[in-house]
Amino acid sequence: MANSRSFTASAPTALAAPPLTGRGRLRAVDPDEVVHITDFLPPGATWLPAPQHTLPTLPGQPPMVGYLVLVPAGQDPVTAAESVPPEAPPAPAQGPIRIDSVQRAAEVDGNVLDLTYLEFELLAHLVAHPHRVHTRDQLVTTVWGYGHVGDGRTVDVHIARLRRKLGAEHRRTIQTVRRVGYKYAPPTPR
């Protein structure tokens, strides 16, 4: 391919890596973070820029950068767990909700919640960013992924289910910000 680039381990090329989520497709990077593309490629792999129309866009944010990785036939691609460096341990959770992302479990006052995959992802995202207001579109892009077909009402339904599962005492920790979206507001210690 004319536009592709092949790298060997000695190639010192450093480019800003695409934002990536915990699901292996995307991972967020700091604006000043520089990532060596070769750290993410298996031996013999080739990469090329992804078409801009295939990448998500966030209002008021610069366009995202993405890459397509081509792996030689008969070679297993690198899994997300191998390609993404381990994250720093999460900060201690605030409030009554505890998220264990390794075991994919959520607890409220010591009681384990029975959550679906998307409910867990939504709750974990909200708890990871306390007091931050998220628009419905941001939540759809972040939790469901850029390829999700749907609207903000999907978020409303999942928030309602989460509140029900949190119970009467803790349902108010997920607050509605009218005409904007939602935020997680842990109760303040008295």
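Let's start in helix H4, where Arg153 and Asp156 are three residues apart, which means about one helical turn separates them. Helices here are DSSP runs of H or I with at least four residues, strands are runs of E with at least two, and both are numbered from the N terminus. In general, an α-helix has 3.6 residues a turn, so residues three or four places apart point the same way.

Quick housekeeping: this is a predicted model, so local features need pLDDT of at least 70 and side-chain atom pairs count only at pLDDT 80 or more, while totals for chains, interfaces and linings use all residues. Residues are numbered from 1 along each chain as its sequence is written, and side-chain values use heavy atoms, leaving out hydrogens and water.

Back to our pair. The side chains of Arg153 and Asp156 form a salt bridge, 2.3 Å from N to O. By salt bridge I mean a side-chain nitrogen of Lys or Arg within 4 Å of a carboxyl oxygen of Asp or Glu. Are the two partners buried or exposed? Arg153 is exposed, at 54% relative accessible area, whereas Asp156 counts as buried, at 15%. The cut-offs are under 20% relative accessible area for buried, over 50% for exposed and partly exposed in between, with a 1.4 Å probe and protein chains only. Arg136 comes in as well: salt bridges with shared partners join Arg136, Arg153 and Asp156 into one network.

How many salt bridges does a search of the whole structure find? Four. One of them is between Lys165 and Glu119, at 2.6 Å from N to O. That pair links distant parts of the chain, with Lys165 in helix H4 (residues 152–166) and Glu119 in helix H2, 46 residues apart. Lys165 is partly exposed at 32% relative accessible area, but Glu119 is buried at 1%.

Helix H2 has another one. Glu121 forms a salt bridge with Arg104, and their closest N and O atoms are 2.9 Å apart. Again the pair links distant parts of the chain: Glu121 is in helix H2, Arg104 is in the loop between S4 and S5, and they are 17 residues apart. Arg104 is partly exposed, at 38% relative accessibility. In the S4 and S5 hairpin, with four residues between the strands, Arg104 also takes a positive phi near 55°.

That brings us to the sheets. S4, S5 and S6 form an open sheet in the order S4-S5-S6, with antiparallel pairing. Two strands pair if DSSP finds at least two bridges between them. The edges are S4 (97–100) and S6 (111–112), each pairing on one side only. Helix H2 (residues 117–128) packs on this sheet, touching S4 and S5, and its direction makes about 115° with that of S4. Contact here means heavy atoms within 4.5 Å. The axes are lines fitted to C-alpha atoms, for helices over the stretch in contact, and angles run from 0 to 180 degrees between N-to-C directions.

Four bridges join S4 to S5 (residues 105–108), and Arg98 stands opposite Glu107 in S5.

S7, S9 and S8 make an open, antiparallel sheet in the order S7-S9-S8, with edge strands S7 (134–135) and S8 (174–177). H2 packs on this sheet too, touching S7, S8 and S9, and its direction makes about 65° with that of S9. S8 and S9 (residues 181–184) pair over four bridges, with Gln175 partnered by Lys183. They form a hairpin with three residues between them, and Arg179 in the turn has a positive phi of about 65°. Two bridges join S7 to S9, and His134 stands opposite Tyr182.

Last stop, helix H3 (residues 136–144). Its buried residues are Arg136, Leu139, Val140, Val143 and Trp144. Seen down the axis of H3, they fall within an arc of 100°, so they line one face of the helix; the arc is that of the directions from the helix axis to the C-beta atoms. Just after H3, Gly145 takes a positive phi of about 100°.

That's my tour, thanks!
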